[in-house]
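The model comes first, then the text.

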Number of protein chains: 2
Amino acid sequence: VRVEGAGDSDSEITVAALGEDALVGSVIARYAASPSGVLVGPGDDAAVLEMPGRVVISTDTLVEGYDFLRKWSTAHDVGVKTAAQNLADIAAMGATPVALVVSVATPAELPATWARELADGLADECARAGAAVVGGDVSQATEIVITATALGLLTGPAVLRGGARPKDVVALAGATGFSAAGLALLRAETGGAGRAVLARLVRAHLAPRPGYSDGPVAAAAGATAMIDTSDGLLRDARRVAKASEVVLDLDSLALAPGEDLRAAATALGSPAAAMDWVLSGGEDHALLACFPLEVPLPAPFRRIGLVRADPEAGVLVDGRPYHGAEGWQHFR
Amino acid sequence: VRVEGAGDSDSEITVAALGEDALVGSVIARYAASPSGVLVGPGDDAAVLEMPGRVVISTDTLVEGYDFLRKWSTAHDVGVKTAAQNLADIAAMGATPVALVVSVATPAELPATWARELADGLADECARAGAAVVGGDVSQATEIVITATALGLLTGPAVLRGGARPKDVVALAGATGFSAAGLALLRAETGGAGRAVLARLVRAHLAPRPGYSDGPVAAAAGATAMIDTSDGLLRDARRVAKASEVVLDLDSLALAPGEDLRAAATALGSPAAAMDWVLSGGEDHALLACFPLEVPLPAPFRRIGLVRADPEAGVLVDGRPYHGAEGWQHFR
């Protein structure tokens with residue numbers, strides 16, 4: 001799309017100058033590749049999907065200034081993160097991601113290139129998950145607010161939070177603490193530019209890349225309960241514990257921070273932060289799942305604790321309450 | 001939920017004081033009634049639905065200050081409008097609304113009662129449509145941004161924008177112009193308080209109540225194309241015309257403003273505004289559909305024009321281009 005009077009580059013054309021119809025048209029062009037189950041993609045009143053199974057749906061929002069900063073994140077990063085947060089919730093039910101719809105509320109002066117790169121990030125992460133962006137909406141607002149809704153397909157039973165039973169093994173796929181460490185590095189402006197290990201943590205914060213297939217793998221292996229650790233391991237484990245009316249007793253040795261997290265904590269001058277990141281840092285989108293004791297844990301799940309019967313549901317670390325940070329909570 | 005230090009009424013408790021978990025818990029309680037197809041409702045990582053057919057999905061956003069003002073709309077109104085905008089897009093595909101997920105980004109100082117009344121409005125309008133709120137998300141932002149995503153079930157073929165053929169009849173279910181007239185009354189602060197006919201237009205703007213069953217009825221009757229008139233009759237008709245590569249020739253007599261719109265235009269001192277509202281006013285969520293000439297129009301559709309073959313696709317009124325307002329466009 002060319003706008004009259006524009007130069008060779010359209011890097012400074014705003015979404016307002018481009019206009020809603022042209023903006024939507026140029027973004028839709030980013031979503032051309034549609035899997036076979038997409039009967040109607042973007043561009044009509046709604047999308048139409050062939051979904052031979054049960055349908056799983058979840059929604060999540062990123063707000064500029066609260067969930068991302070344009071000085072830290074590229075538009076592509078924000079697209080990846082938006083898609084990842086939503087698709088990870090689908091995986092956490094044991095389902096396979098299928099589709100995403102995305103609503104973008106934005107100031108009129110947003111560069112149109114930012115909107116297009118956002119679309120690229122969304123499309124890229126959807127492709128990683130085997131899903132597609134099938135629709136969306138654009139509207140005007142004072143700050144950028146991006147809401148995505150993910151759809152997934154479930155052919156077996158859903159794995160809920162409330163199914164953990166005493167003696168189940170607590171297991172984790174993926175790592176926790178990376179996103180929190182990356183955020184701490186960004187805030188400290190050490191950035192990690194010089195050291196690959198730190199840069200990797202920053203990337204984990206800006207553009208998380210969850211393992212979506214871990215969810216269906218856990219479901220097929222007989223997971224009794226599962227949750228996406230989006231708000232911090234302890235907080236999300238507590239949700240499983242409360243819903244299942246059990247105690248999840250986590251093993252601090254199994255959760256000991258690796259070299260990368262320890263390096264970041266040292267670089268920031270607070271070695272103790274590493275374990276706090278692991279236990280309380282959010283936005284990693286690792287999967288916490290419980291499995292019957294007799295089930296061999298499917299890769300990449302590793303054992304991090306045990307489920308215990310207890311009249312007072314909750315989470316323990318090494319058999320004791322853990323007094324540390326509490327995980328991400330909005331409105332504080 | 002009681003917050004320490006609060007008085008008898010919680011009308012002044014903010015969402016921040018209540019906290020995210022308590023807020024979500026109290027809102028979820030509003031969504032207790034779930035139709036039989038909802039296997040897992042709000043409260044887990046995602047909702048799970050039994051959907052024996054094709055799945056239709058659409059998303060739409062309302063932003064405070066742009067799409068609603070708290071001085072004009074109650075929270076219940078905003079909930080109804082959010083649900084209606086989304087569910088109408090489902091109907092416009094010929095599908096039956098099934099479920100809604102809702103993401104609310106809000107300032108920390110929003111009264112918790114506002115959030116709960118919003119939930120009530122969403123639930124009420126979903127119930128009118130035979131659907132249910134099955135999930136959501138809450139996050140912090142500078143202004144209120146509400147994004148809903150609607151799911152619908154399609155058992156026959158989808159009715160797209162691009163299927164209109166020359167000689168089809170253009171038909172409309174519902175009225176257009178009411179929402180624009182209501183907005184004009186609100187802006188002029190005549191409010192219509194004293195006159196029921198004007199108050200009805202204001203209600204149509206604040207809390208539209210579309211006829212969701214009209215969509216599946218049109219599909220079953222053999223509609224060739226259909227669109228929700230959310231952005232104004234002419235603009236949406238043009239989308240059908242372009243997608244179908246035809247001309248939609250509308251009949252001004254069939255669209256002549258009724259007594260209520262004329263009364264509002266007179267009250268505002270601009271009698272000519274009534275026809276502009278009909279042709280260009282958005283947010284009415286009437287359904288524009290095309291039917292083969294030989295098909296008896298199903299109620300409540302009424303004939304408003306004819307489809308003509310023309311190399312230059314577009315919309316005419318009485319065979320001529322119409323030079324009036326152009327319908328709602330974001331970013332202007």
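B:Asp318 sits in the segment after strand S12 (314–317) of chain B; strands are DSSP runs (E, at least two residues) and helices are DSSP runs (H or I, at least four), numbered from the N terminus. The residue has a positive phi of about 55 degrees, although it is not a glycine. B:Asp318 counts as partly exposed, at 34% relative accessibility. Buried means under 20% relative accessible area, exposed over 50%, and partly exposed in between (1.4 Å probe, protein chains only).

This is a predicted model: local features need pLDDT of at least 70, side-chain atom pairs count only at pLDDT 80 or more, and totals for chains, interfaces and linings use all residues. Residues are numbered from 1 along each chain as its sequence is written, chains are lettered from A and ligands numbered from 1 in the order in which they are written, and side-chain values use heavy atoms, with hydrogens and water left out.

B:Glu283 also has a positive phi, near 65 degrees, and is not glycine. B:Glu283 lies in the loop between helix H10 (273–280) and S10 of chain B. B:Glu283 is buried, at 17% relative accessible area. Most residues other than glycine have a negative phi, and most peptide bonds are trans.

| Bond | Geometry |
|---|---|
| A:Ala299 to A:Pro300 | cis, omega near 0 degrees |
| B:Ala299 to B:Pro300 | cis, omega near 0 degrees |

A:Pro300 is in the loop between strand S10 (287–291) and strand S11 (302–308) of chain A. B:Pro300 is in the loop between strand S10 (287–291) and strand S11 (302–308) of chain B.

Next, the fold of chain A. Its secondary structure comes to ten helices and twelve strands. Of the 332 residues of chain A, 59% count as buried. Helix H6 (residues 196–206) has buried residues including A:Leu198, A:Leu201 and A:Val202. The buried residues of H6(A) pack against helix H3 (75–91), helix H5 (178–188) and helix H9 (259–267) of chain A. The C-alpha atoms of chain A fill a box of roughly 70 × 50 × 30 Å along the principal axes.

How do the copies relate?

Conventions:
Contact = heavy atoms within 4.5 Å.
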